[in-house]
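Opening the notebook on a new model today.

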Amino acid sequence: MTPDKDYGQLVEDRIKMYKPGSFGNPTEILGVKEICEKWDIANVDQVIDMLGLIGDTADNIPGVPNVGEKTAQKLVAEYGSIENIIANAGNLKGKLQENIINFAEQGLLSKKLATIHCEVPVTWNEIDLRVSEINRDELTKLVDELEFRTLRKRLLGEESNSGNSETASQVVQKPKQSQVNSGQMDLFGNNEPTNTVNINGEFSSDEEISNENQISSKPKLNIHSKAHNYHLVDNEQLINALIAHLNKQDSICFDTETTSVDAFEAELVGISFAYFENEAFYIPVPENRAEAQKIIEMLRPVFENESIEKVAQNIKYDLMVLQNYGIEVKGKLYDTMLAHYLIEPDKRHNMDVMAENYLNYTPVSIDELIGKKGSKQGNMRDVDHNIIKEYAAEDADITMQLKHKLDPILAKNPKGKTLMEELEMPLTHVLASIESEGIKIDTEALHAMSSVLSTDITEIETKIYDLAGLKFNIASPKQLGEILFEHLKLDPKAKKTKTGQWATGEDIL
């Protein structure tokens with residue numbers, strides 16, 4: 001019982017194909033006669049020849065280009081099989097002859113792909129087919145190994161206790177959505193799953209789960225409905241005053257606004273700072289590189305102050321942008337994106353999603369400032385500083401608030417806290433340096449190696465030609481097979497592939 005036309009090849013006198021009705025069409029029962037009439041062929045074995053010629057896009061069977069069903073029927077009726085059609089290609093004319101010759105291998109492969117093998121050594125025991133209780137121990141091992149958490153809960157009614165072995169830094173970190181010309185970005189690019197799993201693969205605490213559920217039922221706050229105090233710091237006097245306050249803090253949050261999501265190409269448009277909730281400061285950075293560097297140099301003592309913890313969302317990107325200006329961020333680091341990854345690895349980790357889930361807050365969209373992503377999207381440099389200030393300062397403020405929410409949750413799990421502080425954050429520095437520096441190569445050594453390899457290859461080719469007694473294309477499996485098994489006769493029991501050429505796989509060689 002199947003609607004799949006491929007199965008017509010299996011029909012025999014005692015085997016019929018039951019094709020369920022669909023789209024208003026009645027149910028069909030197809031025997032040998034019906035299959036042959038349907039395809040206009042002499043016997044059901046020719047179903048695979050037809051499929052080999054016309055292909056089947058549903059099964060990725062390419063077929064022979066420009067050969068439709070009617071042409072295929074004429075060819076099969078006259079020659080019987082693809083093999084015979086190819087052998088008599090010289091009798092065909094025009095483009096059809098050209099296609100049959102040029103795509104002979106593809107046609108044979110398509111026939112092979114369409115063939116249902118009936119000689120598979122299947123053994124069975126009717127007792128094994130009886131419904132029985134599941135083997136909970138074996139099933140538990142399997143679903144835990146494959147990390148099928150949702151399936152595990154459905155089958156076993158419980159969550160896995162296995163840990164998540166992948167570290168957050170092994171995941172490719174994308175720039176955050178607040179940068180210029182970027183849209184809503186997700187670290188993994190996947191949809192939010194229904195299960196909430198913590199670092200041990202266990203459900204998060206009732207407090208954490210209910211926190212999200214309760215928040216989602218309330219109206220979302222935003223920059224217009226929530227009290228805040230965001231400051232524009234746009235002259236040297238104000239910058240120095242802010243620096244004095246920043247240097248007194250144990251922990252500060254910062255966020256860079258840039259011209260590109262590519263850290264190598266990005267130029268600073270501005271930097272925002274926060275150290276109290278609902279208050280933040282935005283420093284615009286001029287386009288002129290010398291003027292921009294002057295402002296960054298004023299901030300150097302803050303970024304290089306090892307006694308101040310630096311907090312950011314996807315902090316590796318910010319580290320790399322600041323490296324472009326000669327700044328090495330020192331001191332303890334805290335990345336809200338990585339923290340959330342360790343708490344809920346299967347969830348989405350961009351700031352907007354976390355703000356809605358943990359703070360019941362919808363941040364300002366970059367689309368409101370520079371338009372939707374595309375050719376008509378504007379540039380952050382063209383937006384008024386007072387407008388950018390609200391958007392950029394909000395990023396720092398919300399990130400700081402997220403840190404205050406995530407850190408206590410992470411602290412409940414000693415393993416998670418240790419992983420964050422001893423592996424993930426130190427590794428962030430390493431990864432930023434590796435990506436910024438790249439790999440140094442010794443061009444002279446590579447040229448010398450290339451010369452040696454070329455000489456070695458030439459010598460090996462010469463030896464092969466001497467052993468074979470003639471020159472041939474060593475890279476051609478067809479020619480290689482002919483040399484080994486026809487010319488040199490190395491193996492009297494050599495096997496051929498279904499396409500008729502000698503098999504020269506690695507195991508055979």
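My entries follow, and I keep in mind that this is a predicted model.

**Backbone.** Most residues other than glycine have a negative phi. I found Asn66 in the loop between α2 (47-54) and α3 (69-79), and its relative accessible area of 67% makes it exposed. Glu147 also has a positive phi, near 60°. Glu147 sits in the loop between α7 (136-145) and α8 (149-156). At 38% relative accessible area, Glu147 is partly exposed, because exposed needs over 50%.

**Surface.** Next I checked for nonpolar patches. One of about 640 Å² is built from Ile439, Ile441, Leu446, Met449, Leu453 and Ile457. I placed Ile441 in the loop between α17 (414-437) and α18 (443-468). Ile441 is exposed, at 54% relative accessible area.

**Rings.** How many aromatic pairs does the whole structure hold? My search gave 6. I picked out Phe273 and Phe303: their ring centres are 5.8 Å apart and the planes meet at 40°, so I logged the pair as tilted. This pair links distant parts of the chain, with Phe273 in strand β5 (residues 268-276) and Phe303 in helix α11 (residues 289-303), 30 residues apart. Phe273 is buried at 0% relative accessibility, and Phe303 is buried at 0% too. Ring pairs also bring in Phe254, giving a cluster with Phe273 and Phe303.

**Charges over rings.** I noted the charged end of Lys403 over the ring of Tyr334, 5.1 Å from the ring centre. Lys496 lies over the face of Trp502, at 4.8 Å from the ring centre.

How values were computed:
Residues are numbered from 1 along each chain as its sequence is written. This is a predicted model: local features need pLDDT of at least 70, side-chain atom pairs count only at pLDDT 80 or more; totals for chains, interfaces and linings use all residues. Side-chain values use heavy atoms; hydrogens and water are left out. Helices (H or I, at least four residues) and strands (E, at least two) are DSSP runs, numbered from the N terminus. Buried means under 20% relative accessible area, exposed over 50%, partly exposed in between (1.4 Å probe, protein chains only). Patches are made of residues with over 30% relative accessible area and no salt bridge: like charges are joined within 9 Å, nonpolar side chains (Val, Leu, Ile, Met, Phe, Trp, Tyr) within 5 Å. Accessible areas come from the Shrake-Rupley method with a 1.4 Å probe; for residues, only the protein chains shown count as cover. A salt bridge is a side-chain nitrogen of Lys or Arg within 4 Å of a carboxyl oxygen of Asp or Glu. Rings of Phe, Tyr and Trp (its six-membered ring) pair if their centres lie within 6.5 Å; planes under 30 degrees apart count as stacked, over 60 as edge-to-face and the rest as tilted. A charge sits over a ring if NZ of Lys or CZ of Arg is within 6 Å of the ring centre and within 35 degrees of the ring normal.
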